[in-house]
Amino acid sequence: MTDPRLSMPGAWAIEAMIASYNYVYQVTYNSTYEDLGAIGVSDYGSAPVASFEMEVLAFDNDPLNIQKAILSYPKLRGKRYVLNVFHPTPSDTGLKFRYNALGYDFVQTSPILGHSLPVVTHGRLLHVHKVENIDHVNFANRFLAEHGEHIPPQTLGEPHIYNYYAQMEHRAVGWAQLVTVYDGVGYINQMYTSPVFRKRGIATALLKRIHREAGNMGLKRMALIPSDMSMSLYRRAGYHALAYLSVFRPKETQ
């Protein structure tokens, strides 16, 4: 059932995103998540995931209610955090103005993309492999680590996390992660190709493998947040924007 607090057509994709990335971080870094009504709070502790320690999700349409909930939550005091606000249209200047007046600087807006399943894929994807044991993890990470990437070994064997790596010239050249914790939806939490192997169809092959696997699992929809670099990949594959996420950061005090 769709959360009534998220009153927009793409609410299911937002919910899938929240459930999926929190699940991965809880498995990988022992992070925590609390639903506090007007807001949800992810606490990453000392996990090396971003330039902030906590992430706040806005579930109320009134910025004043969000600010009240943030100020009344003691665990946020003294912590570096960002505030994520969901909205149905690409740009909302009124939203930016209201949060700016409450002491927040706008950082960026990202689309949340979705796609229906099944997606027809053709051919055999011989150079894309599912990670099934620690030897696969170690092989892939030996090469991915050259660019600061790695497949978290903690996710191996998790019932709702599936990792895949692409192999070319006897080395791992990219990887992707599918999360299925939200009912009926596959969420793409990671999609990476090593720089020297880009523009050679690696990401497309990884995406096709994920679509095939998700369809075989009986999933009905896909969701993700694209990077700027991957936007064209997902657009070509038929993904479209269902909602938008704007990130705000508390203004620095002098």
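**Strands, a helix and a pocket**

Tutor: This is a predicted model. In it, strand β3 (residues 54-58) pairs with strand β4 (residues 81-87) in the parallel sense, over five bridges.

Student: Which residue in β4 is the bridge partner of A58?

Tutor: The bridge partner of A58 there is V85.

Student: What is the strand order in the open sheet?

Tutor: The open sheet has 11 strands in the order β1-β2-β3-β4-β11-β5-β10-β9-β8-β7-β6, and the pairing is mixed. The edges are taken by β1 (32-35) and β6 (128-130); each has a single partner strand, so one side of each lacks a neighbour in the sheet. On average, neighbouring strands of this sheet are turned by 25° against each other, direction ignored.

Student: Which strands does helix α5 lie across?

Tutor: Helix α5 (residues 202-216) lies across β6, β7 (161-168), β8 (171-179), β9 (185-193) and β10 (221-224), and runs at about 160° to β9.

Student: Changing topic, what is found at the start of helix α3?

Tutor: There, a side-chain oxygen of D92 comes within 3.2 Å of the backbone nitrogen of G94; the helix covers residues 93-101. After α3 comes G103, with a positive phi near 100°.

Student: And the second largest pocket, what is its volume?

Tutor: Its volume is about 180 Å³. The lining of this pocket has 15 residues, and M8, N61, V85, F86 and H87 lie nearest the centre.

Student: Which element gives the most to that lining?

Tutor: β4 gives the most, with three residues. The elements giving two or more residues are β4 and α3. By class, the lining has nine nonpolar, three polar and three charged residues.

Note on methods: Residues are numbered from 1 along each chain as its sequence is written. This is a predicted model: local features need pLDDT of at least 70, side-chain atom pairs count only at pLDDT 80 or more; totals for chains, interfaces and linings use all residues. Side-chain values use heavy atoms; hydrogens and water are left out. Two strands pair if DSSP finds at least two bridges between them. Helices (H or I, at least four residues) and strands (E, at least two) are DSSP runs, numbered from the N terminus. Axes are lines fitted to C-alpha atoms, for helices over the stretch in contact, and angles run from 0 to 180 degrees between N-to-C directions. Contact means heavy atoms within 4.5 Å. A polar contact is a pair of N or O atoms within 3.5 Å; within protein, one must be able to donate a hydrogen and the other to accept it, and residues adjacent in sequence count only if both atoms are side-chain atoms. On a 1 Å grid over the protein atoms alone, a cavity is a set of points where a 1.4 Å probe fits but cannot get out, and a pocket is an open set with protein on both sides within 12 Å along at least five of seven lines; lining residues have an atom within 4 Å of a point. Grid points are joined across faces, edges and corners, and a volume is the space filled by probe spheres set on the points. Ala, Val, Leu, Ile, Met, Phe, Trp, Tyr, Cys and Pro count as nonpolar, Asp, Glu, Lys and Arg as charged, and the others, Gly among them, as polar.
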